[in-house]
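User: I have a model open and want to talk through it. Can you take me through the main points?

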Amino acid sequence: MAWKIGKGGRCRGRRNKHLPPREKAIQLALAAATWTSVIALAAVIGELIMGALPAFSSIDIIAFFTGTVWNPAHPLYPLYGVLPLFVGTMMVSFGAALIAIPIGLGCSIWLAEVASPRVKAIFKPAIEVLAGIPSVIFGFFALVVLSEWIAGVFDPVTKLNALNGAIMLAVMMVPIMVTLAEDAMNAVPLSLREASLALGATRWETVRHVVVPASLSGVVAAIVLAFGRAVGETMTVLMATGNATLLHFDFLRSVQTMTAAIAIDFGEVEFGSEHYHVLFLVGLVLFTITFAINLLADWVTRRFKEDY
Amino acid sequence: MLGRKAKEAVAFTLFRGCALLVVLALAVILGYILTGGLERMSVEFLTGMPRRANTQGGILPAIVGTFYLMLIVLAISVPIGVMAAIYLVEYEQSSWMGRVFRLAVYNLAGVPSIVYGLLGLGIFVAYLGFGFSLLSAGLTLSIMTLPLMISSAREAIAAVPGAVREASYALGATKWQTIRHHVLPYALPGIFTGIILSVSRAAGETAPLMLTGVAMSLQRLPDNLFDSFMALPYHVFYMATQSSDLQATRPIQYATALVLLLLVLGMNLFAIVLRKRYRDKYRW
C-alpha cells in the first residue's frame, strides 16, 4: 500500500507561477477533480452524522449501545439495542478470519516462495477471478448450496446461520489477503533468502525465520484489511445468516449483522421516522468501526515497515 | 521427531493444499452457477420482459438497467478518477496535501458499500430530489468506484518512467503537452484496465441499489435518468429470497446469477489479458 508521491514527476520544479493560462486552467481542473475524493469522504461522514443526529434526541443513546434487544418494528415499544447486530457482525467476521487466516497465509507463502512460475501464471488470475465475483453470487451460493451442506454435517438449529455466513465470508477474504500478503513477501529482497540458505537453512526454515518476519507488517496489514472488508460486507451475510436479531453466541443459529439490518429495514421504514434515523446511527457505528480498522492497517504498514 | 527435510515437505504440502482448496472453492462455485444456470438459459430469457411476478418470461429490464448503471459510472467516475490520478502523480507538490488526498482515497476504498447506499439515499434521493431513480443509483455507484478508479489510474501513470518526461521537457514542451502526448499514451492500457475493473465492480454491486431505488419488477425499460429500473444483482437477491415460490423459481435465480457472473467475469478476464499484454510490451 505504499504510495510514493511524485514517483513519475521527478522533473517538476516550482514553476507554476509563470504558467500560460491554458496550462493554469488545466491544472485547476485536475486539482478540482482530486478534491472530489476529499469531498466524497467528507460527504459520507457528514451525511451519516446528519442522518443520525435526530436519533440522539429521540432515543436513549446509552440504551442503544448497551441494549440487548433489536426490535425496531414494534408499533408501541420499539427497542433499538445495537448489541445483537454488533455481536452478529463480529461473530461472522471473526469466524471468517479464523478460517481465512491460515488458508490465506498458506496460499500466500506457497505463491511467493514455492510455486513455479508456470503454476503461478494460472493461479494468480484464478485468485483475481475469485476476488471479482460479485458478493450477491457468494450470498446466493451460501443460501442455496452451502447451507444444505452445513445442515447435512452439523445439524444446526436454523438452516441459515452464522457458520454459513462465516465460511462464505472466509472465501471472500482469502483473495484480498493473498494479493496483499504475497506482495509483501515478494518485497523481501532475494539476498536475505540467499544468506539464510547459504547458512544451511532449509527453504521452510528460511520462510519461517527470514521471509515471514521480514514481511510481517505487510502480512498483518493484509489480514486487518481483509477483516475490515468482512465487517462491511452486506449481501453475503444478508443472504447467508438468516437475519434473526436475537442476541446469542451460537454459530449454528441465525444472526443478523449491522450491514444486513440497514439493508433489510430500509425496505419498510418510513422516511424521516425514528427508525430511519436510528438506521443512520447504525451506519455511523459501522463506518466508525471500518474506518478505525483501515487506519490500523495503514498504521501497521507504516510503523513496522522494513525498508531494504 | 521429523527431520528438517521432512518438516519442509510437510509444511510445503500443507501450503499447496491451501492453494488447491482455494482453486477448488472457485471451481465449485463457478460449477454450481454454470450447471444450475444453463437449464433455464435461452434467447427468450435474455431478451424477454418478466411476466407473472417474475416467475416467467425474461430478464431484459434487469440486463438493460445494469448496462445503464455501467454507462453512468463510465461517464462520471472515469473522467474524475483519471483527472485526479494525473494531478496526484504529475502536479501535487506539497507532501502535506498529498497525504490528505492519499488518506481520503485509501479510506474511501474501505467504506462499506451499504454506507455508500446511505450516502446516496440522504444526498441524491432526498436532498437533491432525484428520487428513487437510475440517476441516484448511478451517482452512488460512481462515488463508490472512484477510489478504485483513482488508484489504478495513478499506478499506471506513475509507472511511466521520468526519462520520458525529461526528454519531452528538454525539447521545450509544456507540462500539459508532456502529459498529453508522452505520459498518457504509455499509461493508457493500464488506465483502461482500471476502467474495466471499476465498471465491473459497479455492475456487481447490490447493497447501494437497495437504498437508492432498484425496482423488483418492471414490464418496460427505463426511458430517462429519473425512471425506476431493475438491476441484475438485485434481481438475483430478490428472486432468491423474496419471490412468491422460491423452489419453483430456482432455475430463474441460477440463470440470472449466471448472466451476472458471465458479464462481470468476462470484463475482469478481458482486463487481466489486456494488462498482461501491456506488461509484456513495455518493460522499462
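Analyst: Start with the contact between the chains: chain B gives 82 residues and chain A 73 residues, two residues being in contact if their C-beta atoms, placed from the backbone, lie within 7 Å.

User: Which helix gives the most to the side of chain B that touches chain A?

Analyst: Helix H1 (residues 4-38) of chain B, with 19 residues. Helices (H or I, at least four residues) and strands (E, at least two) are DSSP runs, numbered from the N terminus.

User: And how do the residues on that side divide?

Analyst: Into 57 nonpolar, 14 polar and 11 charged. Ala, Val, Leu, Ile, Met, Phe, Trp, Tyr, Cys and Pro count as nonpolar, Asp, Glu, Lys and Arg as charged, and the others, Gly among them, as polar.

User: What about provenance and numbering?

Analyst: It is a predicted model, where local features need pLDDT of at least 70, side-chain atom pairs count only at pLDDT 80 or more, and totals for chains, interfaces and linings use all residues. Residues are numbered from 1 along each chain as its sequence is written, and chains are lettered from A and ligands numbered from 1 in the order in which they are written.

User: What is the mean pLDDT of chain A?

Analyst: The mean is 88, with 94% of residues at 70 or more; pLDDT is the predictor's confidence in each residue, from 0 to 100. Over residues 1-14 of chain A it stays under 50. Where pLDDT is low, the predicted coordinates should not be read in detail.

User: Back to the contact. How do H1(A) and H3(B) cross?

Analyst: The axes of helix H1 (residues 21-58) of chain A and helix H3 (residues 60-91) of chain B come within 8 Å and cross at roughly 110°. Axes are lines fitted to C-alpha atoms, for helices over the stretch in contact, and angles run from 0 to 180 degrees between N-to-C directions. H1(A) is therefore roughly perpendicular to H3(B), the term for 65 to 115 degrees.

User: Which residues make that contact?

Analyst: Among them are Leu30(A), Ala33(A) and Thr34(A) of H1(A), and Ile80(B), Met83(B) and Tyr87(B) of H3(B). By class, the contact has 11 nonpolar, four polar and no charged residues.

User: How many helices and strands does chain A have?

Analyst: Chain A has 12 helices and two strands, in the order α-α-β-β-α-α-α-α-α-α-α-α-α-α from the N terminus. Its C-alpha atoms fill a box of roughly 70 × 65 × 30 Å along the principal axes.

Key:
Angles under 35 degrees count as roughly parallel, over 145 as roughly antiparallel, 65 to 115 as roughly perpendicular and the rest as oblique.
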